[in-house]
Amino acid sequence: MKRTLVHGLPPLALNLAWAHQATTFSDDPTGTESGRLLLWVAVFAVVSVAIILGALLYGRKRASRGGDALDAVWFAVPIILVAVVGILGVQSAIQLFSTGGKPAFGVKVTAHRYWWDFDYAGTPVRLSNELVLPAGATVELRFTSTDAFHALSVPEVGLKASAIPGQNTRATVRFKKPGNYPGLCTEQCGLGARQHRMRVLVLEPETFDRFLTAASNFTPPPPATPELRRGAELFGSLCASCHTVRGTEAAGTAGPDLTLFGNRTTLGAASLPNTPVNLRTWIRAAPDLKPDVRMPAFAQLSDDDLNALVAYLESLRVEGFDFTALPQP
């Protein structure tokens, strides 16, 4: 038995330490407190095994050494250790259940194959594939799906929530610091599941308030150059049946909302960085870049028309917000 305990203790400690590390990598206070609670469980397990080993060894030698004093030590030390670990564990558990607080606002998250839609409650703001949130605020996310089973995972905050057709599931999330956090679908929802990604752009609270106000009041300005006018015409004829640009006649719902496309850091559901070069490639050959994507290829566009369409899409932005500067974990 002693040999079994000795050989089993290192793997036990290693596995518990790994679990604690994986949990405390979370940037969310709930995840951090969960990791702390798991740490006390690991300490309790190691201390318990050490006490059992000590008792076995001491029991064999007690007759030859005598040991009223040692008896008192072996009686007191385990009680003290268990009491200390128990108190710390209870404190962590209480803190865990009290972490979070009342949500500051809610966001409806709709999963599509293969992109994400975010509607901000009480505002006209709708974003796709990039969720913008304030640091330090608890936000309630309400999930549903239009087609298949999906599951959004954001590892840095320990978030994993299912999006199920015809049902509504809920989760709360809170980021402690600004940054650009990756998220992905963890369900095998189709051939494009590997590229069913998103980003969470976390801003300072004051910056987020300014952004939400600007996004709520945003209306695309009239195209100011011949190139932008041509791009707007092309968008209306080629893209408006599937995509929405709030404040224009484009009101399609089959594809992502492009109202603030110019503020995005990625395109194709976080498949590529949002650059003019990548956007031109995406428009010409999206099916080659993302399996099972429902966007057709527009290989027939001339270079001038393609440049005009890209310029128009990049102009759909609220000025003063450069999300590419956000740090990535």
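**Pockets and cores**

The lining of the second largest pocket divides into 8 nonpolar, 2 polar and 1 charged residues, where Ala, Val, Leu, Ile, Met, Phe, Trp, Tyr, Cys and Pro count as nonpolar, Asp, Glu, Lys and Arg as charged, and the others, Gly among them, as polar. This is a predicted model, in which local features need pLDDT of at least 70 and side-chain atom pairs count only at pLDDT 80 or more, while totals for chains, interfaces and linings use all residues. Residues are numbered from 1 along each chain as its sequence is written, and side-chain values use heavy atoms, with hydrogens and water left out.

Among the residues that line the second largest pocket are Pro-220, Phe-235, Glu-249 and Tyr-312.

Turning to the cores, a nonpolar core is a set of buried Ala, Val, Leu, Ile, Met, Phe, Trp, Tyr and Cys residues joined through side-chain atoms within 4.5 Å, and buried means under 20% relative accessible area with a 1.4 Å probe, protein chains only. Of the 44 residues in the largest nonpolar core, those that touch the most other members are Tyr-120, Val-132, Leu-141, Val-154, Phe-175 and Phe-211. Apart from that core lies another, of 21 residues, which includes Leu-234, Leu-258, Leu-309 and Tyr-312.

Leaving aside neighbours within four places in sequence, Tyr-120 is in contact (heavy atoms within 4.5 Å) with residues including Phe-105, Val-125, Val-132 and Leu-212. In soluble globular proteins, nonpolar side chains tend to be buried together.

Definitions and conventions. On a 1 Å grid over the protein atoms alone, a cavity is a set of points where a 1.4 Å probe fits but cannot get out, and a pocket is an open set with protein on both sides within 12 Å along at least five of seven lines; lining residues have an atom within 4 Å of a point. Buried means under 20% relative accessible area, exposed over 50%, partly exposed in between (1.4 Å probe, protein chains only).
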